[in-house]
Amino acid sequence: AKTVKVGFVYIMSGPFAAYGQFAKKGAELAVAEINAAGGINGHQVEAYFEDSTGKPDVAIRALRKLVFQEKVDFLIGLDSSGVAKTVVPSIPQMKTPLIITHAATPDVTGSVCNRYVFRVSVNLSQNVKAAALLAAETDVKTWTTIGPDYAFGHQSWEYFEKYLKAIKPGAGFLPRDEVAFPPFKTTDFNPYINKIMQSKADGVLVSLWGGNLIDFVRQAKEMGLFDGKRQVLVTLGAATEVLTALGDKMPEGLWVGTRYWFLANDSRRNKDFVNAYKGRYGDYPSYNAHGAYGALYTYKAAAEKAGTIDKEKVIDALEGLTVELPVGAITLRPEDHQALTDVTWGKTAADPAYPIRILDPIKLFKAADVTPSVAESGCRK
Amino acid sequence: MESFIINLLNGLSWGMLLFLISLGLTTVFGVLGVLNFAHGSFFMLGAYLCMQVMHIVPSFWLGILIGPLSVAILGVLIERVLLRRTYGRDISFQLLLTFAILLILDDAVRIIWGPGYHVVEPPALLSGVFTLFTRTYPVYRLFLVVAGPLIGLSLWAFFQFSRWGKIIRAAAMDREMAEGIGIRVPLLFTAVFALGSWLAAMGGALAAPHQSLAPSMGERIIIESFIVVVSGGMGSFPGAFVGALILGLFESFGTVFLGSVQMAVPYILLAAVLIVRPHGFFGREV
Amino acid sequence: MNDTPILKIENLGHAYGRYMVIQDISLEVAPGELTALIGPNGAGKTTFYNSVSGGFRPTAGKVYFDGRDITGLPAHKLVPMGLLRSFQITNIFPNLTVMENILVPLVLHYGKGYAFLGSLSREKKLHRKAEEVLDKVGILSSAHRPAAELPYGDKRLVEMAIVLAREPKLVMLDEPTAGMNPEETDRMIQLIRELAARFGTTFFLTEHDMKVVFAVASRIYVLHQGVLLAQGDQETIRSDPRVREAYLGGSVDD
Amino acid sequence: MDLVKQHKTAIILLLALAFFVACPFALPVYWTMILTEILIMGLLAMSFNLLFGYTGLLSFGQAGFFGVGAYATALFLSHGGSSLLLGLAAALVAGAVSAAVIGFLCVRRDEIYFAMITLGFGMMLYTVAHNWFDLTGGSDGLPVMNLPPLSILGGQYSLFDPVAMYVFVFSIIAACVFFLWRVVRSPFGLMLTAIRENKQRLSFVGAGVQNLRLAAFVIAGAVAGIAGGLFCLFNAMATPDILHWGFSARPVLMTVLGGSGIFLGPLFGAAIFFGLEQLITDLTENWMIFLGLILIPVVIYFPRGILGTLTDWIRTRIKRTR
Amino acid sequence: MIELDDIHVYYGDSYILQGVSLNVQAGEIVCLLGRNGAGKTTTMRGIMGYNPPARGRVVVDGRDIAGQPVFANVRRGLGFVPEDRRIFADLTVMENLAVAALPPRQGQTPWTEERIFEVFPLLVKLKNHKGGALSGGEQQMLSLARALMGNPRMLLLDEPCEGLAPIIVENIGAIITSLKADVAILLTEQNAHFALGIADRGYVIDKGRICYEGLARELAENEEVQQRYLAV
Ligand SMILES: Nc1ncnc2c1ncn2[C@@H]1O[C@H](COP(=O)(O)OP(=O)(O)OP(=O)(O)O)[C@@H](O)[C@H]1O
Ligand SMILES: Nc1ncnc2c1ncn2[C@@H]1O[C@H](COP(=O)(O)OP(=O)(O)OP(=O)(O)O)[C@@H](O)[C@H]1O
Ligand SMILES: [Mg+2]
Ligand SMILES: [Mg+2]
């Protein structure tokens, strides 16, 4: 019988290839499970992977190839926010639905949103709103930040300031020129750490990620930034690739956030997923693996709801769809296509049962509490 | 004051690391006339091989001994089999060839060690911190401040004063004539390329305890070392030293004073130097 | 004849860093005069050439061309005035054909350097001119060969042709016959004399080949360790004991 | 002799023209899009080669002008501009003006120093695009939300359709290539070659070498700007990436691949590059290794680029048989 | 000492030396004359190994060295003074000499810096000057001195007098003659007058072939050959 073709576009090469590889693992697991269980609407799933290399023009070429050459029925992917934001306006030309699983920029379900694009993962505003809620409970007087010097870092700080001010009007923030935005290629964070330690701030929002975060944590630890005098919130600190690399060098007691935490949820769905993943790859699933995995199940749910794999009908089915994923139930908001999904934060802790730092305690924020309203998102489809 | 000193140390230690790496680049350019795009990949390999050695025998010192040495051997192979076929051709060919080598090495590293991040621990001897007024500062960074100039100085002395150093400089100036006085130039070139690769790898091994290892980590370093080498003057030792120092200090103090221009600092520096001194600080007019 | 000297040099001096290479040189060249500058190796002849004809700005002194102060002007400003030079080592456009080598100065001469939408092959006049010049120096038959392929002597003639194409008033030649065989040397001497006679072109040259110097120059300057040691006509120079000691040695017996 | 040679090139150009016109009718949609991209990148590479192959200047910042062009078009369209041709004109002007300013500071440098100073300025443009959020959208770039239709000769044509886009891009590029062809065949073109061959000699026959170089730099910048404008239309975006030195490396790669000594070499190189990329990424995920392994023999055995070495080979064959 | 047996040399596609044979015996100065482009330099470079002959033998002391690398030939006893001198510009005079030193051969008085300075007293005061800052004549002497530092048994001198002042030409001529006892010398010149004055035997090369050989004295008197092949 006819197969259903799904195209995945992730960063498979270059400095951030790890993200694409995680996603690929998650996707392949989902494909194997779904096919073993009879496919989608009776069609076996055939997966096509393309490399975005993290560059917008390459990503768009990859998408075009999947749609026009491979003739896929559905698209899943995109890691980088910049890539996602610039690629999204071209999706209507391809007339194929796309679920974004990693890129966090609010804009793809905001200012540049369109009928064809959905997102199942936590976006930047949801994550930072949770951080602001956490921050409001501390007795920090003045906040500063260190984040990568591109939209993600700057927006994280902007939104954090906006949300926290609304919750706790007394909170203080260092002005823009006193916070630290190291360029993305930085490997030596000492000057920035020095800048933070020199400032009067007693709370730090860290929005670095990946290799930057690893370098920062190690160097900051040596310089004594985590000596307990400051409150540190790390928005993407609970990413498994970071925790794995750092091992026991990850300080305990830091507040870290993530888009998916494999121990955050006791549901059967989650346990099955974690076990299946661990069994297949010998690893704990990262948020990116979960994203790709969940997106395919989301597609499955929509196609089954629509009773067809016709692209337009699947889109109609996706709008407002609620689906049970390992992370919990998510709902794709029909107005802007952003998933309403719970957000996990937690404190790093050592546990002999795990080779990496885990989160204890865990703090779950309900989707309704952290997701900005549709009006705020700025989406006008 | 205290912050100033810390910034100074930061600038110095980063600068010295850059110096080591640029030294290899500038030596290879000066002697072979090849601008080696894959230099950053040797830097990366140095770090990974150091880590690999430490997985087998947990000694950092053994790591920085064996890692860079293995890269030097790889350098020998690359020079013998590939590079020597492009001598005398336009520089763009060498850029392209070494770029191809970069692609291969970067991907090979990803395939062998996986796409994820790794960290390497500094040796126990250098792992602590010392107190500076009210703050602490890692000992390892101080070690870098010392190790860079030490290696650089001994190499410089070698090139300047030893007979072999002079022979290498002679071969750099005029390859044909060097053969004409009985110097076995092909072997010499291989040795120099191996030395250059060793320096890059040494830089990588020394950087490993301080930055995370990931495929393509060399890409970040290569452009900065190009900038150091060119603004210092191609092929010049003192040039590489001054260039690295200035870039290190600018990047360090720039974080405090420059804000969002920070990212462009190396490029502004490069352009400024070249506008004022067309051949870099120590470059010779041709 | 016009009596403003075509080239007038006052107290010219140049130092590389702190090292004075030429000092206090003053001389005058009348239009149409054939002048030679000779001197031992390292005396500073090439340095003198560069200081005068736009290689670099001399550190001291003044240079006047046709009454105008041209001190330190770059070469490309001097050329349109009519001052050109040739080089000690062959200096042509190796991968262009001989014809194209000559078209380059002609394009400039007719102010077409920036004509980026014109068609070079339709510039019939330039091609005709180029052929004339090539014919004049006697290498028209090689017009369509790449210059690099020519024998050495012919390359030097290409170099002369490049200079002549700009219809210069004053040509400064740095060792024009170096590396030429006697036959070619004779041809070069003939060419210089003929051009001087027919077009009134002024030549200023340096040479180590005394045969050429004595065959061409009516006035000779001797440079030694950066200063003018002697000047005068052939006889004066030939018989000056200082010149003999510093430069000529015993080789130039009459 | 010269005339024959000139007509030969004209004939080759005509054949190429016929080929490109026929392509979209014979190719699947995706390949038409790839071809569009080849043309755009090929034009960028040809602008680079005006400096590299003809003038002897290795510019490592050509992506800067390409990017400036792309942003100019994107800004024009996102601020209510509705004419595509005016958008491209903006790209041309932006490319030329930025090249004039930067070129003024660069053209005095030679060889590797020229390469590095152009890289430096290119990266400054990158930084501006990356950091000037209000104008350029910062690191995310400027998405072009809707492409106005092309109004020409009274008709309105949507470029939403890939074939229409191809035809449009091809027409613009054919015009640019023709322009470049005129330039290299002009007296000015001879000056550029003379600079490459021996710039000292040239200045000693009265040419202002720096100004000639600047003129070449501006022309190359303008053409790169147009290519950037087309890129923006084709991908509906302008992002900082395309000003980065990594992007500047592409025209270098393409030109050396195709052959810098041949007028259409860079365009051919672009085609090889994209062809290879498609082929390799289809076969393997480790495309970097394979690209590297393919590049090495090309560099070693094709010293004048693929097209250059092939034509040389054919030429000597013809000579021998005569 | 050295014998070329029918060597053929190409530059790419162009066929330059079309069967050159000549020999130089110990204690002899032999000159190779010919017009521009006749193939003099090519012959020298062919012997050295820069442009190895496609066919033919280059026999030094009974061994064929054709195709051997340049440095090996130098170590075997060839010394080369190229036409453009090729001094290492950034090295001092002393360093230029030092890098060229090779172990002496049996039965030879070894060349040392001291001995060099005896023969070239002009170089003494330039000891610590950079090679690039020397004038043409000084460079020519240094180039010769540098070749001697390799303790060669046979010297190839390519136009040692080009671009030199007449007085220096005389000087160099005297030095070359004084070396003859130690090393065999093959010399090329445009300046036939100079070359025939110091050589024992001479060859004339034209269009890549030897067209005359004989004693220098005879050649100096043979006006026909001089006119035809040397354009004197
Ligand atoms: N760039 C430089 N820096 C320092 N000294 C220099 C430089 N160029 C030339 N000299 C020195 O200046 C002196 C004069 O050199 P110049 O080239 O003018 O001599 P010349 O008379 O042309 O000699 P020749 O006849 O050998 O060509 C020489 O001693 C030379 O070493
Ligand atoms: N690299 C090269 N490629 C091609 N042909 C060359 C090359 N070098 C020299 N030739 C040609 O080889 C021939 C012999 O040149 P060679 O240099 O041996 O002559 P020569 O007798 O030394 O002349 P000269 O007196 O000018 O030094 C000449 O016709 C020359 O044009
Ligand atoms: Mg001179
Ligand atoms: Mg010769």
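**Exercise 1.** How far is an oxygen atom of ligand 2 from an N or O atom in the side chain of E:Thr41, and what else surrounds this ligand?

*Solution.* Before the steps, note that this is a predicted model, in which local features need pLDDT of at least 70 and side-chain atom pairs count only at pLDDT 80 or more, while totals for chains, interfaces and linings use all residues. Residues are numbered from 1 along each chain as its sequence is written, chains are lettered from A and ligands numbered from 1 in the order in which they are written, and side-chain values use heavy atoms, with hydrogens and water left out.

Step 1. The distance from the side chain of E:Thr41 to an oxygen atom of ligand 2 is 2.5 Å, which falls under the heading of a polar contact (a pair of N or O atoms within 3.5 Å).

Step 2. A side-chain N or O atom of E:Glu159 is 3.2 Å from an oxygen atom of the ligand, and E:Gly39 brings a backbone N or O atom to 2.9 Å from an oxygen atom of ligand 2.

Step 3. On its own, ligand 2 exposes 640 Å², of which the protein buries 68% (areas by the Shrake-Rupley method with a 1.4 Å probe).

Step 4. Ligand 2 lies between chains C and E, and 15 residues surround it, each with a heavy atom within 4 Å of the ligand.

Step 5. Helix H1 (40–48) of chain E gives the largest share of this shell, 3 residues; helices here are DSSP runs of H or I with at least four residues, numbered from the N terminus.

**Exercise 2.** Which residues of helix H6 (163–173) in chain B are buried, and what covers them?

*Solution.* Step 1. The buried residues (under 20% relative accessible area, 1.4 Å probe, protein chains only) are B:Gly165, B:Lys166, B:Ile167, B:Ile168, B:Arg169, B:Ala170 and B:Ala171.

Step 1. Their cover includes helices H1, H5, H7 and H8 of chain B, together with helix H3 (93–100) of chain E.

How values were computed
Buried < 20%, exposed > 50% of the residue type's maximum accessible area, 1.4 Å probe, protein only. Helix = DSSP H or I, 4+ residues; strand = E, 2+ residues; numbered from the N terminus. Contact = heavy atoms within 4.5 Å. Polar contact = N/O pair within 3.5 Å; in protein donor to acceptor, adjacent residues only side chain to side chain.
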